[in-house]
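I opened this notebook to record what I looked up in the structure, one region at a time. The entries follow the order in which I went through them.

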Amino acid sequence: MEDTLETARQLLEKIESTEDEDRYRDYRDQLYGLGPEIIPLLREDLSHRHPSRRMAAATNLGRLGHLEAVPGLIMLVNDPQASVREMAIFALGILGDLAAVDAVLGALHDYDADVRYRALVALGDLNYAQLEDVLVRCMGDEAFGVREQGLSQLRKVASPKAVAVVLKSLLEREVEMQQMAEEILDRIVPKMTREHYKRLPEQLTPRERRLILNYFEARNLQEVYGTLWQRLQLVSRAAAAPRGLDKYGRLLNNADEQPFLMHAYGRDDVVSQLVDHFTDPKASRSILLVGQAGVGKTAIIHEMTQRLVELGEELDWQIMETNTSELISGTRYLGDWETKLKEMAEAILKHDRVIVYLTNPNDLLGAGAHSKSDENFADFFKPYLQRGQIRIIAECTEDDLKKGLTRDPGFLRLFRQVKVHEMDDAQTLDVLKKRLVDYRVRTDYTITAESGCLESVVDFSRSFFTRSVGPGRACDLLDALVDQTTRNLEAGASVLLQAENIPPCLAEITGISLDLLDDTIPLSLSETRKWFLDRLVDQEHAVDTIVNRLALIKSGLGDADKPLGVFFLVGPTGVGKTYFTKLVAERLFGTADRMLRFDLSEYQGRFAIEKLIGSPHDKDREGLLTEAVRNQPYSVLLFDEFEKADSEIFNLFLQILDEGRLTDARGNTTDFRQTLIFLTSNLGASRASLAPVGFGEGANEISGRIRHKLDEFFAPEFLNRLDDIVVFSPLTEAAMARLVDIELAKAFKRRGFKRRNLEVDVKKSARKWLEEHGFSPRFGARELKRTIEKSVLTEIGRQLISESGPHENKLIKVSLTEGRIAVNIEESTSKKAAVPREPRAPTRIETT
């Protein structure tokens, strides 16, 4: 057995040292082949500092069927590393213990798509009772792999209540998804009742219904799903008219669509220019509106539509809104899309006044192309545009244009470009005033705004809605304010929008703490500093640095074109760098979950960049970094062990530090201006995480040595773009004593103590033992939590479950006996036991 354990240790060391994924899998499988004898070793590695070892331990404990590992695996579902979380969920699914269901359900909200995918697989393995409901919700996931897994499992458990998401799956690009959806429909459609059909119009948008009908027609499924086909065509209780251009898109000129069209306030010159162009019989060119997100391009097209409709029914203008995905839906085989576009072109030529409104013109160059032919949508439309037989109006941003239509200058010349510029604050304010009138028409409320409210909307939107420009960003904030203010009000109520409600509205949208947004709430820097110092021990320089940054954020004096802050945290392992970033996330956004961690030691080799920003060769898989920030733009980003990253990643960060944004592999831009960024490193720091007793280096000497090492390793253009370099000091004896208090306090807040109302009395000797065994020169305080769990909590738990209960209102005494932690449970003498409060640990601590 000892030989087996020694072999296992060697394999684990190889797993820790290798960076090659194939070798990792080989070592992991060899480890599994050693059998159950290595289970104790694997359980220890569930808490190992290296993620690869935690991952291998979790995987093999599941494969070996070790049910006792379930509690440890559940803890790993919250591991900082996505790959570890994924494999912990994999193991929990194999083991089949229903105690893991809650943890796996929580993983469905993970930012990493692979973790969400694995959670779905595990729920299927666990035979979760409400699996179908979960799968239906996950069919709206943005990651294709998650949707694919959801649909695959729906083949086994779907009932008629899943019909809406199955129908939407017909619109996926992948043939395999369409085939699975048809297979499920074959099984559930015959079981549909009148109630299921009645709910269907509420579950599908008009566009989705139209695309599904197109799919049925292309696949000749009208007779197969006859009743479903008829019900999908019902726009109300009467049958729809024979389908014409609405087969290919949404007709904005229809009476049903008119109430939903926007007004383009302050854009009369552009709207008139468009109306004159399209009503001029001599003008045959198509139009391309170009402007930043938020300038109002869509509103301009909607306003143009209303003006054309107002010219009179005898002119019969038809404006068809569509896009490449809608036009290609329902086509499966080579030549199908050409046939569909020819049918659409013939339908357009039957009318004199048709304008095709394309919402994604830059995709025309790629749509339809495949490995055997470069023929695309742009090639199809080109002769029609040259002859003026089809006229298109489209919209895009400057960035989209550069990576799209500019690749085919000949096609781009067929469009007349109309620039739409950003509005200034005065123009934006005028738009908001007119928009208030719209609310009175489109809602059931009479809405007015107090003096100064709309000006505040413009000001706040400029600072916090950085992904668009005026007037769009201000309109978005006004919409959110109206929605929040009218929430739960009865129809017909009069509503006054007030400036004081804007910060709470922003706090709800962004998660940023209200006292950092609201100027009427003072931010006490001394209290903020104390809040951090109560939780972070012996790192006053780090606390002062972040307090100063919060003051800059609160006052609005930071650089609006860069992240909220970029700091390099340098110091030994286990002195609180990662914990500090969690505290910042908690103070800034209300929860430590807003801290997104990336261990850059895992981002090495030629695919390192692709993991962060995506691959140009795999459009279905987004970069982990860009996807995470797009999903949660208001967050704290931690890039751990930054010096170990691939050299190309350093260049990537220069773009973030310079411009506050990052372009991914697809050419899409991700905004980092509402993130607070921390980089960590051990460069130049002492290997000892504990301060030596007696004479040692002073703070200035340590800081100087670290900065000198950073200057040697990093280029000046990188270091000069940082807001500050924060040096973390090794832990002193006094710091270790405080950390023991803090960690004990956290431990005694756990559910088992609270529900039993237990009182804890920790003797000074026990606390001293925890100081000696919970810290190490190499790993600092990282061992403390594990030491408390193994030596204190485990012993308390063993006694609570082994002795006859109930153990309510009892006193637990933790002491040191013969060099070991000892636990005794006895009756409490106090009337009401109290769980200790943070940051001080136990309520009763022996001092002598």
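This is a predicted model: local features need pLDDT of at least 70, side-chain atom pairs count only at pLDDT 80 or more; totals for chains, interfaces and linings use all residues.

I began with the open sheet, in which 6 strands follow the order β1-β3-β4-β5-β2-β6 with mixed pairing. I noted β1 (250-251) and β6 (415-419) as the edge strands, each of which pairs on one side only. Going through the pairs, I found that β2 (residues 286-290) runs parallel to β6 over 5 bridges, with Val 290 opposite Lys 419 of β6. The pairing of β2 with β5 is also parallel and has 4 bridges, and here Ile 287 stands opposite Ile 393. For β4 and β5 I again recorded parallel pairing over 4 bridges, where Tyr 357 has Ile 393 of β5 as its bridge partner.

**Entry 2, strand β5.** Is β5 enclosed or open to the outside? I found 6 of its 6 residues buried, so β5 is largely enclosed by the rest of the structure. In a regular strand the side chains alternate between the two faces of the sheet. I checked this strand and saw Arg 391, Ile 393 and Glu 395 pointing one way, while Ile 392, Ala 394 and Cys 396 point the other way. I then looked at helix α17 (residues 297-310), which lies across β2, β3 (318-322), β4 (354-358) and β5 (391-396) and runs at about 150° to β5.

How do the axes of α8 (residues 113-125) and α10 (residues 144-157) cross? They come within 8 Å and cross at roughly 10°, and because angles under 35 degrees count as roughly parallel, α8 and α10 are therefore roughly parallel to each other. On the α8 side I listed Ala 113, Arg 116, Tyr 117, Leu 120, Val 121 and Gly 124, and on the α10 side Gly 145, Val 146, Gln 149, Gly 150 and Gln 153. By class, this contact has 5 nonpolar, 5 polar and 1 charged residues.

I followed up Arg 116, which sits in helix α8. Its relative accessible area is 6%, and Arg 116 is buried because that value falls under 20%. Leaving aside neighbours within four places in sequence, I found Arg 116 in contact with several residues, including Asp 110, Asp 141, Glu 142 and Glu 627; Val 146 is also among its contacts.

For α4 (residues 51-63) I compared length with expectation: at 1.5 Å a residue its 13 residues should span 18 Å, and the end C-alpha atoms are 18 Å apart, which agrees. With 12 of the 13 residues buried, α4 is largely enclosed by the rest of the structure. Both Arg 53 and Arg 54 are among the buried residues, as are Met 55 and Leu 61. The cover over the buried residues includes α1 (2-17), α2 (21-33), α3 (39-45), α5 (70-76), α6 (82-95) and β10 (595-599). Just after α4, Gly 65 has a positive phi of about 70°.

I repeated the length check on α29 (residues 540-555), whose 16 residues should span 22 Å at 1.5 Å a residue; the end C-alpha atoms are 23 Å apart, which agrees. Its buried residues include Val 543, Ile 546, Arg 549 and Lys 554, and the elements they pack against include α28 (525-533), α30 (577-589) and β14 (675-681). Just after α29, Gly 556 takes a positive phi of about 75°.

Definitions and conventions:
Residues are numbered from 1 along each chain as its sequence is written. Side-chain values use heavy atoms; hydrogens and water are left out. The expected span of a helix is 1.5 Å times one less than its number of residues. Buried means under 20% relative accessible area, exposed over 50%, partly exposed in between (1.4 Å probe, protein chains only). Contact means heavy atoms within 4.5 Å. Two strands pair if DSSP finds at least two bridges between them. Axes are lines fitted to C-alpha atoms, for helices over the stretch in contact, and angles run from 0 to 180 degrees between N-to-C directions. Angles under 35 degrees count as roughly parallel, over 145 as roughly antiparallel, 65 to 115 as roughly perpendicular and the rest as oblique. Ala, Val, Leu, Ile, Met, Phe, Trp, Tyr, Cys and Pro count as nonpolar, Asp, Glu, Lys and Arg as charged, and the others, Gly among them, as polar.
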